[in-house]
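Colleague: I'm new to this one. Can you put it up and walk me through it?
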Amino acid sequence: PQWIPSTGEDRYRRSLYTYTKRTAPFAMFHTFDAPSGEFCTAKRNRSNTALQALTILNDVMFIDIAKQFGTELSNSKEAKIAKVNTAFLRILCRPPTESEQRSVLKYYESLHDEYRNKPKNAQTLVGVEGEAAIEAAAWTGVVRVLFSTDEAITKN
């Protein structure tokens, strides 16, 4: 059997209420080393694999989350540096260092330039048009990268 994602409003609700089958387990649970559900565990093993980072970068659920947060950041009236701080606080639960701020802002600017040159790509990613799409797509890219960091995956 295949895993069939829900559509409509149930699509977003179901990530909280995941139906599991022994014969067709939810792939993300397996990727992130979740127990099978047949027994209780007091503490889960910590692991970090390339497959986990790839899942966070490419899974539809994580892309939707990144688009939502990226759009929220782009709509914010804060300065770019404050947006970077907000992203770090919400994703990594800590403020960024100055070096991290510079790196993330540099990455944001490179994405912004790329989407300015190819606005159709930005529109395809975030589903809006014009300058809002460029801004939202660039911040979405920043969020996706922060999600895939070792620190975000393992939550020390």
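This is a predicted model: local features need pLDDT of at least 70, side-chain atom pairs count only at pLDDT 80 or more; totals for chains, interfaces and linings use all residues.

Colleague: Okay, what volume does the second largest pocket have?
Modeller: The second largest pocket comes to about 450 Å³. Its lining has 18 residues, and the closest to the centre are Phe32, Arg44, Ala152, Ile153 and Thr154.

Colleague: Which helix gives the most to that lining?
Modeller: That's α9, with 3 residues. The helices α2 (27-31), α3 (50-58), α5 and α9 (150-154) each supply at least two.

Colleague: And how many of the lining residues are nonpolar, polar or charged?
Modeller: The lining splits into 10 nonpolar, 4 polar and 4 charged residues.

Colleague: New topic. How many aromatic pairs are there?
Modeller: The count is 2 aromatic pairs. In one, the ring centres of Phe62 and Phe147 are 6.5 Å apart with planes at 70 degrees, so this pair is edge-to-face. Phe62 sits in α4 and Phe147 in α8, so the pair ties together parts 85 residues apart in sequence.

Colleague: What about Tyr108 and Trp139?
Modeller: Their ring centres are 4.4 Å apart and the planes are at 25 degrees, which is under the 30 degree cut-off, so the pair is stacked.

Colleague: Is Trp139 buried or exposed?
Modeller: Buried, because its relative accessibility is 0%. Tyr108 is buried too, at 1%.

Colleague: Last one: what's up with the phi of Cys93?
Modeller: Cys93 has a positive phi of about 60 degrees, though it isn't a glycine. Cys93 is in the loop between α5 (80-92) and α6 (98-117), and it counts as exposed at 59% relative accessibility.

Notes
Residues are numbered from 1 along each chain as its sequence is written. Side-chain values use heavy atoms; hydrogens and water are left out. Helices (H or I, at least four residues) and strands (E, at least two) are DSSP runs, numbered from the N terminus. Buried means under 20% relative accessible area, exposed over 50%, partly exposed in between (1.4 Å probe, protein chains only). On a 1 Å grid over the protein atoms alone, a cavity is a set of points where a 1.4 Å probe fits but cannot get out, and a pocket is an open set with protein on both sides within 12 Å along at least five of seven lines; lining residues have an atom within 4 Å of a point. Grid points are joined across faces, edges and corners, and a volume is the space filled by probe spheres set on the points. Ala, Val, Leu, Ile, Met, Phe, Trp, Tyr, Cys and Pro count as nonpolar, Asp, Glu, Lys and Arg as charged, and the others, Gly among them, as polar. Rings of Phe, Tyr and Trp (its six-membered ring) pair if their centres lie within 6.5 Å; planes under 30 degrees apart count as stacked, over 60 as edge-to-face and the rest as tilted.
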